[in-house]
Amino acid sequence: MPEEPQLTASSAYAVGQLRQAVERALAADDARVRRRAIARAETWRSVLDGIATGRLEVGSRTPVADTPAWVTLEVAHGGFATGRFLAEAPLTDDELERLRNLPDDAPGETDRERLNLWYLGDDGLAESRHALRTGRYRVDVPEESALLVVGWLLDHDHVAPALDLVAELRPLMHRLRFTPRFEPVSAPSGAVVRLQPVSEVRDSLRQATVRPPIAAMLETLRVWNPLYDRLVELWCDTVEGALPAVHNNTAGTSIAGDWPCRVWPADWAERRLQWLSDYRAAAEVHRLSDSHRHPKSNFARLRGALERCPEDSSALSGRDVGWIRRALANTISAHGAPGSEVRAALRTTQAAVAARPTHAALAQVLSARLDRYPGDGGLPSLAPIEADVAEDDASLAPPGWPIPTQLVAKTERALEAPVGELVERGVIGSGEVLARVLPQVTSQLLAANIADAALASAYARTYGAFRRRRSLLLLNLEHQVRFEELPWIAAVSPFRERRAEAARAAEQSLRETTVLALGSFPQAILPNPLTRELGALATQAGLRLPLVEEVAADIFMGTFTTKWRDAATIASRLLDGTLYARYYDLPRDWPDVERRRRKRWGKGTADDFAELCVRRSQEATSEQASGSRVAANGAVLEQSQILTTHNLAVLVDALGLTDRVREAGPELAERALAWSVRRLTQPAPTWVSGLQAIKNAAYCWRQGIFFLSFCDQAAQLEAVGRLRDRAAVLGPRFVPAVEGLAAIVAGERFDQAGRVAVNGRRLLGWSVGPHWAQRD
């Protein structure tokens with residue numbers, strides 16, 4: 001292993017993202033898509049400009065020069081800071097009004113600074129005090145609660161910490177908003193959660209539009225078909241005798257019937273003028289469909305002839321009259337004559353289709369219903385929302401129509417319900433989504449240690465805003481900014497008591513969330529945001545759990561902090577002698593820990609654990625070893641996940657979940673292994689996406705083996721039998737993985753190359769060089 005691996009984050013990724021955004025903007029037909037692409041391009045331009053000028057240091061937890069770590073930054077995809085502060089917000093109308101009322105000699109060099117300083121005066125503190133007491137404020141960015149905390153400290157005679165906090169905030173008061181939005185807010189209770197507030201769901205519904213082909217079809221049915229029928233009727237009235245029709249015979253097709261332009265009813269000229277006027281009016285408004293504009297269409301030929309016949313056909317040639325006859329024959333043969341039962345039946349059916357409300361119209365019905373609820377709150381029930389279109393909605397859609405299930409599913413994102421119910425409904429469909437809603441629970445549990453209700457509420461709201469911060473790309477074993485590092489949160493930490501009931505509630509929530517995550521998404525490793533939230537609950541519960549994060553292979557620094565080794569020790573102890581331990585050859589004994597620890601970048605590292613991961617990763621080197629540094633890093637990181645079970649063993653052990661996992665093990669293993677096979681059956685358009693599919697399949701394969709390890713051998717044999725049947729669709733390329741698992745279940749062991757018996761192989765996700773399970 002290199003002594004001190006050096007890694008410099010490259011701007012190549014940012015350049016690629018900028019190029020993609022520009023290409024998307026140039027290719028987009030939709031104005032909204034184009035605007036979003038332009039905004040993304042501007043974001044990445046800011047990133048590259050910051051890197052080029054030295055204002056941004058990619059990989060640091062303080063990437064913006066001369067800026068404290070606690071400042072909330074705008075972070076682009078991949079963890080790149082743009083240099084913009086999210087709390088550096090434009091002044092609102094309320095703030096502008098406040099500024100107009102300030103004395104001319106109010107201190108401060110900028111409008112923002114004058115406002116922040118005003119809230120440190122008597123009148124401003126009184127307003128903050130009232131907001132704290134009534135809960136009438138909203139915190140969107142963590143900084144917005146800072147001066148509320150200053151006011152609370154002063155009100156409770158904690159002058160020294162208040163002054164220290166002001167001194168720390170003072171250098172940024174000219175730029176950042178340190179006050180909340182003083183308006184009513186629906187704060188989460190913690191007992192129920194919502195994925196999105198009503199306002200976001202409502203705005204999403206209001207953006208629904210009718211797809212252009214559907215809009216053009218509806219325009220044809222509602223506007224142009226009735227006009228076309230009147231046009232056909234006008235020309236049919238000039239036929240004396242049988243109407244033209246297409247006649248098919250052995251020699252081909254011919255036109256039967258009499259000719260148009262033979263008779264001219266007395267009101268024909270008047271009807272002609274009225275039709276032309278109606279047509280021109282429609283053409284000015286309805287421009288989606290081109291069925292009436294195509295020069296060779298029946299509609300266009302009949303209309304063109306009509307425009308040249310003010311009273312009779314004297315302006316038409318014989319060829320023109322022939323085309324009129326042909327057009328009439330075509331439409332009459334296809335759809336029936338004007339006034340006929342055939343044509344009437346067709347138009348009735350088409351009118352019924354045209355009368356159906358569009359998906360967009362029904363979306364507007366739902367958005368109007370959501371107007372009845374507070375925008376920042378949730379929906380207590382879906383019953384009033386999903387009811388059929390009523391008379392109150394008649395301006396948007398015909399009464400009686402049911403609301404489509406896919407639209408109801410969108411509104412479910414604002415439903416307030418227990419986390420488990422939202423998982424059952426499919427609103428929470430992954431660990432990442434679970435991590436988004438969990439702070440609504442965690443924030444209340446963390447605030448339960450604060451006796452003062454007003455301060456506890458501010459603490460909880462700040463935590464919710466903090467959890468919306470995007471993570472930075474970090475190097476050198478740096479960690480993300482922690483909640484306790486916010487100066488105003490640190491200032492109130494002495495007032496958080498150690499309450500036994502709060503710790504018990506946090507531990508119960510941690511246990512329930514873990515069971516929910518493992519039971520609902522057994523195929524997926526716990527994502528980093530969820531791991532951080534579980535860590536917060538564990539800390540509140542008084543549990544010191546070595547929960548580890550997923551590390552990106554392109555920024556891996558070649559070593560691990562000591563918690564990885566601690567987690568691996570727990571995994572080896574918990575799984576000793578099990579299928580998982582045999583399949584992955586877990587070490588049974590770990591030598592003296594202190595002897596192998598040292599400091600790097602100011603962090604304690606476990607070198608023996610890192611060295612073991614490197615040695616074990618050699619199995620991932622193919623016979624044609626030509627993989628990249630990233631692939632080699634990925635192989636090492638996969639071994640770290642294998643040795644630690646990526647938090648599964650730590651959580652099951654600490655929370656006493658062994659019996660529950662043993663009971664649910666067969667089902668969880670079945671789902672995880674089935675997902676692994678299903679992932680590999682999905683098309684992989686490129687070589688890289690094929691490798692990604694194998695990596696994801698191997699990760700959930702590992703999850704399945706973990707759960708299968710808690711089953712007896714009979715259940716394991718049954719699972720392998722089902723797996724053989726299911727994996728048959730993958731053909732010979734996946735047989736080694738199935739046979740390898742079957743051999744280990746039967747009591748055999750892999751050799752040092754990860755092979756067993758005749759054809760069995762250990763399935764790993766990363767490969768340095770071509771992967772044996774990838775298609776040619």
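Predicted model: local features only at pLDDT ≥ 70, side-chain atom pairs only at ≥ 80, totals over all residues.
Residues are numbered from 1 along each chain as its sequence is written, and side-chain values use heavy atoms, without hydrogens or water. Local features need pLDDT of at least 70, side-chain atom pairs count only at pLDDT 80 or more, and totals for chains, interfaces and linings use all residues.

Start at the surface. Arg24, Arg35, Arg36 and Arg40 form a patch of positive charge there. A patch takes residues with over 30% relative accessible area and no salt bridge, and joins like charges within 9 Å. Lys and Arg count as positive, Asp and Glu as negative, while His and the chain ends are not counted. The place of an Arg charge is taken as its CZ. Areas come from the Shrake-Rupley method with a 1.4 Å probe, and for residues only the protein chains shown count as cover.

Helix 2 (residues 31–53) gives the largest share of this patch, three residues. Helices here are DSSP runs of H or I with at least four residues, strands are E runs of at least two, and both are numbered from the N terminus. Arg36 sits in helix 2. Its relative accessible area is 46%, so Arg36 is partly exposed. On this scale, buried means under 20%, exposed means over 50%, and partly exposed lies in between (1.4 Å probe, protein chains only).

Now turn to paired charges. A salt bridge puts a side-chain nitrogen of Lys or Arg within 4 Å of a carboxyl oxygen of Asp or Glu. The model has 44 of them by this rule. One joins Arg138 and Asp140 at 2.8 Å, N to O. Arg138 is partly exposed at 23%, and Asp140 is partly exposed at 29%. Both belong to a network of salt bridges that also links Glu144, Arg181 and Glu183.

Next come bridges between separate parts of the chain. Asp576 and Arg588 meet at 3.0 Å, N to O. Asp576 lies in the loop between helix 24 (562–574) and helix 25 (579–584), and Arg588 in the loop between helix 25 and strand 5 (597–600), so the pair ties together parts twelve residues apart in sequence. Asp576 is partly exposed at 39%, whereas Arg588 is exposed at 63%.

Arg762 and Asp585 form a salt bridge at 3.2 Å, N to O. Arg762 lies in the segment after strand 8 (760–761) and Asp585 in the loop between helix 25 and strand 5, so this pair ties together parts 177 residues apart in sequence. Arg762 is buried at 7%, whereas Asp585 is partly exposed at 25%.

Definitions and conventions. Patch = residues over 30% accessible without salt bridge, like charges linked within 9 Å, V, L, I, M, F, W, Y side chains within 5 Å.
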